[in-house]
Amino acid sequence: MLAVAHVLGTMTACFGLLYLLPIAWSLAARDGLVGVFFAAMSINAVVGLGLAAATRRFRRELKPRDGFILVTLSWTLMSLSAVVPLMLAIPGLSFTDAYFEAASGLTTTGATVLNDLQHLPPSLNLWRHTMHWIGGIGIIVLALAVLPLLGVGGMQLYKASMPGPVKDEKLTPRITETAKALWFTYLVLTAVSILLLRMAGMSWLDAVCHAFSAISLGGFSTQDTSVAAYNSVTIELILIVIMLVGACNFSRHFLAMRSLSLRPYAHDSEGKAVMVLLSTSVLFATVLLWLQGAYPDFGTSLRHAAFSVVSIATTAGFVTENYELWPAFLPVWLIFLSCITCSTGSTGGGIKMFRTLLLVRHARRELKLLVHPSAVVPIRIGGQVVPDRIVYSVLAFIFLYFITILVLTFAMLATGLDLVSSFSAIVSSVNNMGPALGAVGPATNFSSLSDAQTWICSVAMLVGRLEIFAVVVLFTATFWRK
Amino acid sequence: MKIVILGAGQVGRTAAYHLSREESNEVTVVDTNEEVLRDLQDRLDIRTVAGNAAYPSVLEAAGTASADIVVALTSSDEVNMMACEVAYTLYRTRTKIARIRSAEYTKHPKLFSDEALSVDVWISPEQLVTEYVAQLIKYPGALQVLDFADGRVRLVGIRARKGGLLVGQALRTLKEHHPSTEARVVAIYRAGRSVPPDGNTVIEENDEVFFLAAREDIRKFMSEIRKEESPARRVVIAGGGNIGLSLARRLEEQHHVKLIERDPKRARRISELLLNTIVLNGDAADEELLIEENIDSCDVFASLTNSEEANILSAMLAKRLGAKKVMALINKPSYADLMESGSIDIAISPQTITIGSLLAHVRRGDVVRVHSLRRGAAEALEAVVHGTDRTSRVVGRRVGDIPLPEGAAIGAVVRGEAVMIAHHDTMINNDDHVIVFLSDRRHVEQVERLFSGPGGR
């Protein structure tokens, strides 16, 4: 436990370094928040270094068991430390709301409780988006490099989902090297995104902020009306592309970059399924909107359908149109898509396409076994056989996923919120998506929620982000038994 | 001809048996198991040497120095290749044949090219058997389908049944049914005895008829002899060994294939290798399993496990439960004879299938392909004739004028790409491939002499 504290201390101190970014921006923009961020950085440094120094003699190699605690605590505590500048900079912001905002940032959810975003100091907006950005790379490294060591989700899935010739090319043999490679990939993709958005006409601040929140599939915006404020097809197109990149397994991006070819994508059966699902949904939504006369012509229908479907399905959560006003089928379908669409090893949330495919194949196998009781039917994804052990763990995951949603929805209902808002807010939070329906729909935000409801959503975001297992295991008796 | 056979397994023993029956061959068999060798020596007129087949000392003792052919048939691919290597390096043996089972080796033809391994010819019994069974499934009704001239000409063995247009009629009438295309009936077996076919021979029910035809004409002529059967769609394979697996792989694209394997681990492994086959874990002789899997609606049931008794039993059971056609892999010739006249439609004999590819290299003259038939009693071979009308007794003559021994018939001539069904007046040219059917293989040496070119070989 104390060894974990040592790592957490170091981590907190390092996390403090991120404040350099808003500090620099604040100096340039002269928005008067330098002191606030400097104070936040100092607190992080003092607490972090102090903790690290105090627990120095307990330093040792971490065991898998420590990993679970570390993973859960790092997200909760980093959110806690990120609360500081928010509360200092916005007088009157409650701790509950500040924690929600920070957790929403770090879990790349993108639901906000703040209003009048365009008038926030630029450096504070930058900080909100920086949390997205760091949360995005955090989850990629977590999913592809750390969780597999703990035997949860990530690499097991990722190993099994690597079909064909790429399979043996493990990214790099060592975890730190893998993490570095992913960092590099992430940096390059972010830089390209910033430039593209800037060229499309955004200010530097908006370009940086939106690039951060799009690549991490977060969904924070510098505008109250989100992306609708720009009313630009080019910007929407660029964001769609960035979101699709973010929803793809980052190990593919790394391999593609290293080999300078698109071949790694061709072998990505998971990615292909994502694209098929998205394009059919876009097409269907377009036709539906067009037929129902929501928009005057096919082109406009296509534009809004494409952006909303990609934004919600990939769990980014940018908004251009109030999709709640669309035919009832669509908003519910969008929420459903957000549960299953993203790839493993992406910055998105939800069940992930790999698990969805696995579930479908498993159901198909069970049907086959009804007809041929003695048959031996392996489950394949992209031609690779998936070991039964993984199939069972995925089944358990999906069970826990629904239980989580169910329990938290009941909790929300108990606080007196209506069914649609409760359910959609929880699904949206667990999937780290952002906007939901009803009281927390695309036209509003989470600021209308009561304190209790806000806390429930914060928990939902953290549990969803950490692939449920890593959190739930902490609440089992076997975990704590020596 | 001096022949050294390495390995006295099933294939090795059968090869020794077939080769030693011919007077002119001197056969030596090498194996590590002395008991097997002693037993073999008691039954066959051969020499035996005990020892590791790849050791130079053992090869030396087996007389490899003066041998014409080394046939390496041990159970180990590596030993076989090494033995060929040693035989060539130390004794410059002319022809080296090795059994290579693993596709890891055989899928790289470069390994067996001139500058690489000293293996002139590799044979893979599993592959040959797979091919054989696949042909039988492709031509429902056939007892045997054998390729000549790279498959352009095929010899088909088929049992006459009521409903065939030609049954009860003289062979002469064949031409009236199909004026434009041709086939040649080369042999008819009635109640186990050969009936020399000519224009007046009447085909009776239950006759075993062998005919030669170009690949594309086969189906048409099969319908002459028995009612045309619909092509097989549903195939059940019992036994997931190498043969079962590779057969399923070949068939699964175009057929509904089910494969029954008893060992759960092996079943799991196979299921991962096969994409469209339903792999069932269970006993092929389990009546409930067969009924559960609708054995009564299956077109072909092929029992291909290692145990011939199990194959016979499960095939008989499948037949009784309603499988349209059953095949069983049977090693013992006596079992095969017993079964084929009874409840099993086709007995597949791996040795007979394999031995043909060995015989082609033992025959004198330029023989490119040999198929052993009817458990080795008959033989069909494809020979290339060389020379001029002066130097050869075949070239420049008409088929009718060639002094063939009794029971032998020239069925077809392949000239370049063209396939010609032989008539009395077909002229034979230099470099023609001639396909000869011998209903009595004791005359094979006469045929060899006839076809070996100037000076023989």
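The model is predicted: local features need pLDDT of at least 70, side-chain atom pairs count only at pLDDT 80 or more, and totals for chains, interfaces and linings use all residues. Residues are numbered from 1 along each chain as its sequence is written, chains are lettered from A and ligands numbered from 1 in the order in which they are written, and side-chain values use heavy atoms, with hydrogens and water left out.

**Interface of chains A and B**

Chain A gives 11 residues to the contact and chain B gives 15; contact means heavy atoms within 4.5 Å. About 1,100 Å² is buried between the two chains, 53% of it from carbon and sulfur atoms. Buried area is the accessible area (1.4 Å probe) that two parts lose on being put together, summed over both. On the side of chain A, the most area is lost by A:S374, A:V376 and A:R380, together 48% of what that side buries.

One salt bridge is counted between the chains, a salt bridge being a side-chain nitrogen of Lys or Arg within 4 Å of a carboxyl oxygen of Asp or Glu. B:R268 and A:D388 form a salt bridge, with their closest N and O atoms 3.5 Å apart.

**Helix pairs in chain A**

Helices (H or I, at least four residues) and strands (E, at least two) are DSSP runs, numbered from the N terminus. Axes are lines fitted to C-alpha atoms, for helices over the stretch in contact, and angles run from 0 to 180 degrees between N-to-C directions.

| Helix pair | Axis distance | Angle |
|---|---|---|
| α9(A) (204-215) and α10(A) (233-246) | within 8 Å | roughly 40° |
| α18(A) (419-430) and α19(A) (451-465) | 7 Å | about 40° |

At roughly 40°, α9(A) and α10(A) are therefore oblique to each other. Angles under 35 degrees count as roughly parallel, over 145 as roughly antiparallel, 65 to 115 as roughly perpendicular and the rest as oblique. Their contact involves A:H210, A:A214 and A:I215 of α9(A), and residues of α10(A) including A:L239 and A:I242.

The contact of α18(A) with α19(A) includes A:A425 and A:I426 of α18(A) and A:I456 and A:C457 of α19(A).

**B:T48**

B:T48 lies in strand β3 (residues 47-50) of chain B. Not counting residues up to four places away in sequence, B:T48 touches B:V29, B:L37 and B:Q41.
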